[in-house]
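Biologist: I would like to learn how to read a protein model, one feature at a time. Where should we begin?

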Amino acid sequence: MLLSQQWEYILMAMPTSPPSPTSPSNPRDGMTALTDDAERNRLLAEMAEQSTDMISRHTPEDWRFIYVSPAVTHLLGYTVEEIVGMSAHDLYHPDDVEDFAHRASSVSYEKGLYTHTYRFRCKDGHYTWLESTSRSIRDPDTGELREMLVVSRDASRRIGAEQANRRLARVLESSSDLVVFLSPDLTITLLNESARRLLSISQHAKEPCVLAELLTADSYAQFSEDGLPSAVSSGCWTGELEMVGSEGSMIPVALELLAHSVLHGQVEYFSLVARDLSEAKAAETKLKQYQAEIDHATRLITMGELASSLAHELNQPLTAIVNYVRGIQRRFKDSDIVSWDELQLPLDKTAATALRAGEIIHRMIDFTRKREPARERLSLYDVVHDLIEFCGPNAERHNVQLDDRVDSSLPEVLADRIQLEQVLLNLLVNAIEASEQSAECTALMVTVEASLTPDCMLLIRVRDQGVGLPTGHPQQVFERFFTTKAKGLGMGLAISRSLVETLGGELWAENNPDGGASFLFSLPLAE
C-alpha cells in the first residue's frame, strides 16, 4: 500500500469531530453509533500497532512525540518509551530541517498531506532515510492546531538506488563512449552527450530517430543479421561497424550490444555502447605506412649487404657476353661471307646469357620495388630454389654450401612473394654469415627444408652450423635493434617476424642439438 493511500485509509477511520452531546431520538441508534466508533478505533489502533510503517503523533510547536507505534524499534532502534517526549526536530539531519522548513524540492504537498524525504538519526547515531507523510489535526470548532499525525517508512533502499542511478547517469553523460538506449523496435529512447555530439543529434529533437538512421547501410545489415539475433539469444554481441556522423561522414566504431530482458525472457530494451575508432584507425594506417617504409628500407639494406655478391653474379654473364662477341669478331674478321650456321650457336649463347643477366637485374628491381602486399598462391619450392641460386655467390664468398631440401610436391602456400622472399633472404644471409669459414677450412652447410604440420601449416626451417643463439634468452634476437653483427642494425629479424605474422604464421628460433641454430616459420596453405 502506498503511503498516501494508507494515509487516506487512516484518516477515513479517524473521527473528524467529537460525538454530538445531543441524545439521539432513538436510544438504540445512539448505542449503535457508539459501538461503531469503538470498533473503528479498535481497528485503527490494531493497524497502527501491527504496521511495519511508523505511525506517530506530535505536538505542533516543537514536534515532540506524543505517541509512536512499535515499528519505531526496527526503524530507529528506540523503544516506544524512549522516544515519546523527544522532539523530532532534534533527530533530523540539520540540512533536512532547513529543507522542510522552506518546503524544498524534497517536500511535496497534495490534498492536505505533506510528503517529505529526509535523514533521521537512529539510536546508534547513524542516519537513515525516511519518507514521511504528515497532516495537521485541528479542532473542528476553533480551527486550533492540536497535533500532527505522521506515517513514516524506511526509504534507504530507494534513496540509495536513486543516488546510484544519478551517479551512473553522470558517468553516462561524461563518458567519451557513445551510449544509446533502444526500444525493442530499435527506436532510440536515449543518447548520451558523446553520442549526440558525434552524431549531430539535438537533445531536443522532436521526432524520435531509429537505429537505421545512425548506421551505414552495410553496417545496419550486419547489425540486423548478426548482432541483433546474437544479442537476443546470448544477451550480448560485439563487432566493428560504421556510424553516420555530421555531413554524412563515416565513423568507425567498436560496438557492444546488450539485450536487457524481463523475468520471463522478453527483451525490455537494448543498450548500445560504441567507441569511436577514428583516431585508432588513422594511427593504424600511419603505422602500416611506417612499417611499409621500414620494410622497404630493410630490403635496400639487404641489397647493400649483397652488393658485392650481386656484382660478381652480374659480372659472369656480362663477361660471357663480351667473350662471345669478341669470339665472333676474331673468327669472322677477315671473312667476306658469313653463314648463319656458323653464327647461330654463339649468338644463341649470347642472347641466353644476356637474358640471364636481365633476370638478375629484374629480380633486384622487384625485390627493392615499393608496392602494396598482394597475397597469391606460391610454390615454396620455386621461391626457395630461386633464392638459393640468388645467394649462391654470397655463400661461395663466405665458404658456405647451400643445401636445398624442399620437396617440389609440397602444397602451395598463400603469401605475398616479395614479403616471403624478404623473410627467406634475411634468414639465408644471416645463416651464411653465421657459418662463415676461412678458405682453408671445410665448408659448413646451410640447409633449407620444409614439412607439413599436424594443423595443416607449412613449416620452413633454415638450419646453420654457426655459433648458435645467445644462451638464456634465444628469442632476444627478434628484439628491435638487437644485433650480433658489427655493422648490423638489429631490424632484419624483427621485421621478418612481423612479416610472417602478417602472412598468418609464426617465426621463432632454437639451438640445434649438434650445434648451430635453426630459424623456423610457418605459413598457411592455399585452399
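Modeller: Begin with one residue and ask where it sits. This is a predicted model, and in it Glu131 is found in strand 5, residues 127–138.

Biologist: Is Glu131 buried or exposed?

Modeller: Buried means under 20% relative accessible area. Glu131 has 19% relative accessibility, so it counts as buried.

Biologist: Which side chain does Glu131 contact?

Modeller: Its partner is Arg158: a polar contact of 3.1 Å joins the two side chains.

Biologist: How does strand 5 pair with strand 4?

Modeller: Strand 4 (residues 113–121) and strand 5 run antiparallel, and eight bridges join them. To place the pairing on the model, find Arg119, which stands opposite Trp129 in strand 5. The two strands form a hairpin with five residues between them, where Gly125 takes a positive phi near 100 degrees.

Biologist: Now a residue in a helix, please. Is His74 buried or exposed?

Modeller: Exposed means over 50% relative accessible area. His74 has 53%, so it is exposed. The residue lies in helix 3, residues 72–76. The side chain of His74 reaches the backbone oxygen of Thr52 at 3.3 Å.

Biologist: How far is the C-alpha atom of His74 from that of Asp154?

Modeller: The two C-alpha atoms are separated by 9.8 Å, while the residues are 80 apart along the chain.

Biologist: What do the totals for the protein say about contacts of this kind?

Modeller: Take the contacts in the protein with a separation of 6 or more: residues 24 or more positions apart account for 56% of them. Buried residues make up 38% of the 527 residues. The protein has 15 helices and 18 strands.

Biologist: Over how many bridges do strand 7 and strand 8 pair?

Modeller: Strand 7 (residues 178–182) and strand 8 pair over three bridges, in the antiparallel sense.

Biologist: How do I check the length of helix 9?

Modeller: Compare the expected span with the distance between the ends. Helix 9 (residues 217–234) has 18 residues, so at 1.5 Å a residue it should span 26 Å; its end C-alpha atoms are 25 Å apart, which agrees. Look for a bend as well: helix 9 bends by about 40 degrees at Phe223. Just after the helix, Gly235 takes a positive phi of about 95 degrees.

Biologist: Can we go through a second sheet?

Modeller: Another five strands form an open sheet in the order 13-15-16-18-17, and here the pairing is mixed. Strand 13 (400–404) and strand 17 (507–511) are the edge strands, each pairing on one side only. The twist averages 20 degrees from one strand to the next. Strand 13 and strand 15 (residues 444–452) run parallel and are joined by five bridges. Leu402 stands opposite Val446 in strand 15.

Biologist: Which strands does helix 13 touch?

Modeller: Helix 13 (residues 380–397) packs on the sheet and touches strand 13, strand 15 and strand 16 (457–463); its direction makes about 170 degrees with that of strand 13. Helix 14 (residues 417–434) lies across strand 13, strand 15, strand 16, strand 17 and strand 18 (517–524).

Biologist: Where does helix 13 bend?

Modeller: The bend is at Cys391, by about 45 degrees, and a proline, Pro393, follows within four residues. Cys391 and Pro393 are among the buried residues of helix 13. After the helix comes Asn399, whose phi is positive, near 55 degrees.

Notes: Residues numbered from 1 in each chain as written. Predicted model: local features only at pLDDT ≥ 70, side-chain atom pairs only at ≥ 80, totals over all residues. Heavy atoms only, no water. Buried < 20%, exposed > 50% of the residue type's maximum accessible area, 1.4 Å probe, protein only. Polar contact = N/O pair within 3.5 Å; in protein donor to acceptor, adjacent residues only side chain to side chain. Pairing = 2+ DSSP bridges. Axes fitted to C-alpha atoms, helices over the stretch in contact; angles between N-to-C directions. Contact = heavy atoms within 4.5 Å. Expected span 1.5 Å × (residues − 1). Bend = angle between axes of the 7 residues up to and from the residue.
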